[in-house]
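Please look through the model shown here, with its sequence alongside. The text after it is meant to be read with both in view.

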Amino acid sequence: MKETITKLTSQAAPLPIENIDTDQIIPARFLKATTREGFGDNLFRDWRYNSDNTLKADFVLNDPTYKAARILVAGKNFGMGSSREHAAWAIHDYGFSVVISSFFADIFRNNSLNNFVLPVQVSDEFLAKTFAVIEADAQAQITVDLENQQVTLPDGTATSFEINPYKKNCLMNGYDDIDYLISLRPEIEAFQAAL
Amino acid sequence: MSNTPQTLFDKIWDSHVVKSQEGYPDVVFIDRHFIHEVTSPQAFDGLRKRGAKVFNINRTTATADHNVPTKDQHLPIREALSRHQVEKLRENCKEFGIELYDLLHPFQGIVHVIGPELGITQPGMTIVCGDSHTSTHGAFGNVAFGIGTSEVEQVLTTQCIIQSKPKKMLIEVNGTLEKGVTAKDLILYIIAKISAAGATGYFVEYAGEAIRNLTMEGRMTVCNMSIEMGARGGMIAPDEVTFEYMRGRRFAPQGEEFDRKVEEWKQLKTDEGAQFDVVLTFDAADIKPMITYGTNPGMGIGVTDHVPTLEEIPATEQPSFQKSLNYMGLQPGESLLGKAIDYVFIGSCTNARIEDLREVAEFVKGKQKADGIEVWIVPGSNQVAEQARAEGLDKVFEGAGFELRGPGCSACLGMNEDKVPAGKYAVSTSNRNFEGRQGPGARTLLVSPLTAAVAAVTGKVGDIRELV
Ligand code: SF4
């Protein structure tokens, strides 16, 4: 079955750190695999594990309270730096379907959209409120509705988010860009011939 | 053609749009696709799954750079996973018919160093690579940007990419740079001014006297780091400096064809009165030799300045600032001048071209490496290494107690053996000071090659202006 994203209600894991770069999401030394699977084990590797490979107790993903979270909430400018799509693969493989932040780096945003991870950009105020809600109740359920482009907190506070209509359609129906590009092949060939 | 004045970016982008539809991102034709071992294997798997061929092998160039050892490159790669990834690239290139500049090939090197030096990178092109520093190629007046592996697969399969058109930013740097202040300082200064996210969503064109006065290699350093302020890419309109650099390059047009091309390339500039979404202006005279103190490239200061105090940081950003300083083992308000250094890395696609090595060699000539400091000089390509040897730079380095290694990305990202140990301070000419970038726990201070050379011979952070 094709993967799709439509509407999701879930607990959220908070990571209130700004400028999280893709080297933190997945350090370079774990980029040596030649398949797309298994990167979730090393998601936030150096924040999750000590150098002797034991778990760091104070890192949010090691806190069993947040075990059911399928939404990651992170500080502004998430996903900066390296273009490694492995970052999106790691987030997806770990089990997150949505990342909420007040700002995303461009390449990371594209990579996420290509891997059924929905980047939800909200205002700084809404992000601060989301962190406060999670802090008050770790079990707080957040709803992300792609069709209506809306995020709703448990108290009913809601905000809308933007997404390119084409990308939205891809996520909701499980399409990918290559199918679309292949359908344009005659036009692409004509374009190249005219160069 | 409309008479509306256009930016250089618009001219190149618009002339490469195969299809533009309301509600869809643009479908953009790609002139040149560079690939390397880390971000391509899953893309080739995608082609295999669909039974697809590479759309145009003549528009695709491959090299191995991220994983490769910088010592004993003639031996099999020791680290099993790195070896496997490089072997995968070999198999994929062979199966799909793509030219590969493999280890020991005279053209092998960091992908963003070899494209320009071979003349594959040319003005007016669209260029992509599964690597964020693809922005480097923009120095020749083209639209070049980094992409993810799914997009690598798109380009391999269809020579096109689906992409929303970014907004446009003009960054003008007027005036002249002080002696000892380089292209690297200029770009670190701009990033420090506008932050590591200051240009996210934008494609940047650099202009102004200080940019025009840079050599091609300096321009590449500037465009290279555009991504470190979040920009999709950076570009500089081509001029005589560009054409002179291109003349006679291996894959550049030759003879009369070259002259004809130059006439075409001269049209590649932003029209008078063209609109940018944002225009920023800086004065080159304000720029000092720069150094970073934190864990993103926007956390930079002049070498003679102090790390910001807590009061100088907005309250909401203080936790991230503090976390960053804890990692770096630094205090708010501290001065870095005179700080003892453990490692010096001169390399990467930002600063490992021949001019960088010449600059370093000229400064260290007759001097000695400081006690207890480890210095790695890693050329950007085999051609750079060859040229360095031809000019006797290797002897200068040897004389000072340094070693000129084999080409590759090396300690820029520590995917090979060249890693800075935890807690150690590395002065580095690369582009990223992220936590763990040069090895788990490594503490990176980004600088120009000249400031790195100062650290190499004094063992400390110093002000090059006092030494030249
Ligand atoms: S030198 Fe560093 S930044 Fe440049 S391509 Fe290699 S890893 Fe990336």
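Predicted model: local features only at pLDDT ≥ 70, side-chain atom pairs only at ≥ 80, totals over all residues.

Residues are numbered from 1 along each chain as its sequence is written, chains are lettered from A and ligands numbered from 1 in the order in which they are written, and side-chain values use heavy atoms, with hydrogens and water left out.

Start with the interface. On the chain B side, 67 residues are in contact with 54 residues of chain A, where contact means heavy atoms within 4.5 Å. The two chains bury about 4,900 Å² between them, and carbon and sulfur atoms give 58% of that area. Buried area here is the accessible area (1.4 Å probe) that two parts lose on being put together, summed over both.

Across this interface the rule finds 7 salt bridges, each a side-chain nitrogen of Lys or Arg within 4 Å of a carboxyl oxygen of Asp or Glu. In one pairing between the chains, A:K76 forms a salt bridge with B:E317, and the closest N and O atoms are 3.4 Å apart. The elements that give two or more residues to the side of chain B touching chain A include β1 (17-19), β2 (26-29), α3 (80-96) and α11 (318-328) of chain B. Helices (H or I, at least four residues) and strands (E, at least two) are DSSP runs, numbered from the N terminus. The largest share of this side, 7 residues, comes from α5(B). By class, the side has 22 nonpolar, 29 polar and 16 charged residues; Ala, Val, Leu, Ile, Met, Phe, Trp, Tyr, Cys and Pro count as nonpolar, Asp, Glu, Lys and Arg as charged, and the others, Gly among them, as polar.

Two of those strands belong to an open sheet of 3 strands in chain B, ordered β1-β2-β8 with antiparallel pairing. Strands pair if DSSP finds at least two bridges between them. The edge strands are β1 and β8 of chain B, each pairing on one side only. Neighbouring strands are turned by 40° against each other on average, direction ignored. Between β2(B) and β8(B) there are 4 bridges in the antiparallel sense, and B:V28 stands opposite B:I161 in β8(B).

Which parts does the salt bridge between B:D31 and B:R59 tie together? The closest N and O atoms of this pair are 3.7 Å apart. B:D31 lies in the loop between β2 and β3 (32-35) of chain B and B:R59 in the loop between α2 and β4 (60-63) of chain B, so the pair ties together parts that are 28 residues apart in sequence.

Both β3 and β4 of chain B are in an open sheet of 5 strands, in the order β5-β4-β3-β6-β7, with parallel pairing. The edge strands are β5 (99-101) and β7 (143-146) of chain B, and the twist averages 20° from one strand to the next. β4(B) and β5(B) pair over 3 bridges, and B:A62 has B:L100 in β5(B) as its bridge partner.

Two helices lie against these strands. α3(B) lies across β3, β4 and β5 of chain B, at about 155° to β5(B). α5(B) packs on the sheet as well, touching β3, β4 and β6 (126-129) of chain B, with its direction at about 130° to that of β3(B). Axes are lines fitted to C-alpha atoms, for helices over the stretch in contact, and angles run from 0 to 180 degrees between N-to-C directions.
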